[in-house]
Amino acid sequence: MFDYRLKIKNASQIVVITSNKKPYLIGKDMSNIEIVENSSMIVDNQGKIIEINKNEIIEEKYSNSTFERVIDCTGKSIIPGFVDGHTHPVFSGDRVHEFAMKLAGATYLDVHKAGGGIQFTVQHTRQSTEKELLDLLLARLDRMLKHGTTTIEAKSGYGLETETEMKMLKVLHQANKTHPIDIVSTYLGAHSIPKGLTAQEATDDIINNQLPELKRLKELNEISPSNIDVFLEKGIYEQEHSKQILNEGKKLGLNINFHGDELTYQRSGEIGEELQALAISHLEKVSEEGMIAMSKTPTFAVLLPTTAYILRLEVPPARRMIELNVPVALGSDFNPNAHCMSMPFVMNLACVLMKMNMSEALVAATLNSAASLGLSKSHGSLEVGKYADMLIINNQKWEHIIYELIDPPIQYVIKNGNILIE
Ligand code: NIG
Ligand code: FE
């Protein structure tokens, strides 16, 4: 047995984000992240960080200690592993043909009305076994890990009836036990109105059938959802139905974390304050009042620049949100519409399209996204007592993770102090 699991030495920069145990950063603080230069780190045998300090201090203090692994980070920098705040990674079926339709000018709702989109994925996912979906998910998680993601939020939502929704949550529960990526799961039975039902009938099914079954399986420890989500959108789940569903989920102890104001303005921020939502995603069409409401609760804005990019929509007003002290997080929105598993690419889009600076993008993809999932005590920054989830960048300046398109220089991916990719 070694005294410690890991020693990192001689790093040019360790981007700790904050060392004050702040649960998340807002406003100008997002631009002032903490970086320790010429530094080293010690990780204990439980995978937690016990010290980050200047090289000389660590060398002297731990000169008689033994380490399972030592990594010399001369010329390299270290950042926290990414926390992807919004994904739909459990699905089967291929929608590459819809990408062609969209390139030819079809909108998201055109594809939806033609029976494609979510409905297409629902048909395929209903037909797949739990084992098939788990294998697909595990392969996707491996790809996410290669891009530096160490924790994700992940939704159900391609079943739209009890059996398949619960199958998806079971798959997420199993993957969380077997794959090194930490998964926070979200029940999204209200992702789309199932064929043949009215919005009221679909809402009743969720409240009377799906949620009671979710409660039962959660008590049996077969599923572990933390959040409830709806697609609050004109012609899908509109405001009254969304509120009913979210409130029922809240009664079961789920956090409210929903899709809102994506294609049309639906008072999402205002509803978020009313229901004390933990997070709202998308927000391309959010109002000024909605953003002010979100800053009060506070409700996290989980921004998804891949969606606007793929659908050629306007981007959410990230700059205004940061000015108003709304806590801003980022997610890939990985799903068959936005087929992106790369948080470095998401951060690049956040910078170029949404005008965030690189420091803001990194905070949004680590500490703030962890906080949007209720994980900021243990994840999202490199602080003493937190899990050593981190990436070693093969460049002395950490910003290369955002600057270098397509193949950014991630040399090691480390989760709980274990080296998973090198
Ligand atoms: O977050 N907006 C709704 N849901 C997903 C898309 C899901 C799909 O098209 O399969 C989203 O973008
Ligand atoms: Fe989504």
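Start by selecting strands E8 and E9 (residues 225-230): they run parallel and are joined by 4 bridges. Strands here are DSSP runs of E with at least two residues, helices are runs of H or I with at least four, and both are numbered from the N terminus. Two strands count as paired if DSSP finds at least two bridges between them. Zoom in on Tyr187, and you will find Ile228 of E9 opposite.

Before moving on, a word about what you are viewing. This is a predicted model, in which local features need pLDDT of at least 70 and side-chain atom pairs count only at pLDDT 80 or more, while totals for chains, interfaces and linings use all residues. Residues are numbered from 1 along each chain as its sequence is written, with chains lettered from A and ligands numbered from 1 in the order in which they are written.

Is E8 buried or exposed? In strand E8 (residues 182-190), 9 of the 9 residues are buried, so the strand is largely enclosed by the rest of the structure. A residue is buried if 20 or more other C-beta atoms, placed from the backbone, lie within 10 Å of its own.

Next, select Ile78, Ala301, Leu303, Ala350 and Ala365, which touch the most other members of the largest nonpolar core, a set of 121 residues. Such a core joins buried Ala, Val, Leu, Ile, Met, Phe, Trp, Tyr and Cys residues through C-beta atoms within 7 Å. Strand E1 (residues 4-17) gives the most to this core, with 7 residues. Domain 1 (4-80 + 380-421) and domain 2 (82-372) both give residues to the core, so it lies between them; these bounds come from an automatic or database domain assignment.

Stay with Ile78 and show its contacts (C-beta atoms, placed from the backbone, within 7 Å). Beyond its neighbours within four places in sequence, Ile78 meets partners including Ile8, Ala11, Cys73 and Met390.

Finally, zoom out to the whole protein chain, where you can count 16 helices and 16 strands. Its radius of gyration is 21 Å, close to the 22 Å from the globule rule for 422 residues, so the chain is as compact as a globular protein of that length. That radius is taken over C-alpha atoms, and the rule is 2.2 Å times the number of residues to the power 0.38. Buried residues make up 54% of the chain's 422 residues.

Conventions:
A residue is buried if 20 or more other C-beta atoms lie within 10 Å of its own, exposed if 12 or fewer, and partly exposed in between; C-beta atoms are placed from the backbone. Two residues are in contact if their C-beta atoms, placed from the backbone, lie within 7 Å.
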